[in-house]
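Here's a quick walk through a two-part model. Have the sequence and the structure open side by side while you read.

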Amino acid sequence: MKIATIATRLGILAGLLWIALASPVDAAPAVKLKVGFSPDKPGSSTTVSVGFTIQTQAGVVPPPLTEVEFQLPAGMGLGTTDLGERICTVSILELQGVFGCPSNSYMGLGEAIVEVPFGPEIFAESVSLAILMAPAIEEHTTVLFLAYGVAPVAAEIIFHGELLDATGPYGAVLHTMIPLTPTLPGAPDAAVVRMRSTLGPKGVTYYRTSKGERIPFHPSGMVIPKMCPPGGYPFAATFKFLDGSTASAKSAVPCKTAQLRRVRQRK
Amino acid sequence: MHIRWRGLLTLALLLAVAMSGATAQAKSEHYLADPISKASSRTESVHESVSAQLTGHHGATELAEQGVARGTQSCPVKINIKLAYTKSYITFYCGTYLAGSGTTAFYVSGQTAYFHGTLLITRGSGHYRHSPGSRLSIAGTLHRGTYALSCEVAGTISL
């Protein structure tokens, strides 16, 4: 075979490979963010619900998610809640799993859908999420995320989220670095396509001991500020993917009509 | 004649120098005698250990606490603390003679919340009337179940 023919064939191969590798990058994912309060009553303890969907072209799995910055509205905080009144650690999770953590360390629950492309097929897996209070890292309030799935891939990943300063209408940013999740041999890492989670007492039961008796109770959640900013209580998120692409999304919990009336009257 | 004029001029100059020296000395003595000027150059080290309990709250993020400080002053203490995710805003009253405020870092770890930062003295009376503008460090904890607060306030303030 002539050298020129070999070079041409190699060139075509490289081109095909480039197209194959480049296509997921070109299809930059878009993210839809959905937030809510339950109950949604200003001045009351609430559970914050957060959901996002990573959208790509049909039949294309997004690149694995590596980092999320989730911005929370100002006027709220964890100081006066009893959410996460006890802590759980990475070593407890690794040695004993989520059941080794104290009940009173749960701060929220959730689920996610991850996808793994394997040949022409895409496998989807439902993953459970637990959010737990962790020891502070470098003087930042820290939560632990435990994501665990069973089939088709039995995997458990643990990662931290740290509460950092935020600017503008936001009170803090929950910064989370997400480790890669290896899947089947020869297949790429798992990619999150959808997630839904709570931060608050909904679905969480704590226990206190009184006179030797274990009494269940629901912890108090973050309190919704009585003053609702114009446009609602703002949330925002930035997503970073393994291929270097990023996506941002904003959402807000709308103000109640009565609140809006009050704000207008004050103006 | 020319020599006489030169002699008179020298005498006048010497007199002027002597008089200005006397004025400066008098000014200096006046400065030392003035209690305000004298006090502004003095400082005092302060170290208070504070423990306080919740007495009231405004909404879910502003707490009012009262307690005692033991240390240099051993005064009754009032603290207002406004909590955010990563910061707290503290107003601190030591008796009726010293008040300060400041923003501190704030974080939670289990049942304990931690804060540390700087208080700017905003008001002083009596012994502390020249203290406004001084800065003290504050570091402490807030129990998330009982809201009991304990902290250390320390530093050097102007008198």
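Of the 159 residues in chain B, 28% are buried. Keep in mind that this is a predicted model. As for how the chain folds back on itself, take the contacts in chain B with a separation of 6 or more: 38% of them link residues 24 or more positions apart.

Now for where the two chains meet. On the chain A side 23 residues take part, and they are in contact with 18 residues of chain B. Which elements of chain A give two or more residues to the side that touches chain B? They are β5, β6, β7 and β8, and here's where to find them:

| Strand of chain A | Residues |
|---|---|
| β5 | 121-137 |
| β6 | 140-149 |
| β7 | 155-165 |
| β8 | 170-177 |

By residue type, that side of chain A splits into ten nonpolar, seven polar and six charged residues.

One residue in chain A is worth a look too. A:P63 sits in the loop between β2 (45-55) and β3 (65-73) of chain A. Is this proline buried or exposed? A:P63 counts as buried because 22 other C-beta atoms lie within 10 Å, and the cut-off for buried is 20 or more. Another proline to check is A:P188: it is 125 residues away from A:P63 along the chain, yet their C-alpha atoms are separated by 9.3 Å.

Note on methods
Residues numbered from 1 in each chain as written. Chains lettered and ligands numbered in written order. Predicted model: local features only at pLDDT ≥ 70, side-chain atom pairs only at ≥ 80, totals over all residues. Helix = DSSP H or I, 4+ residues; strand = E, 2+ residues; numbered from the N terminus. Buried ≥ 20, exposed ≤ 12 C-beta atoms within 10 Å, placed from the backbone. Contact = placed C-beta atoms within 7 Å. Nonpolar A, V, L, I, M, F, W, Y, C, P; charged D, E, K, R; others polar.
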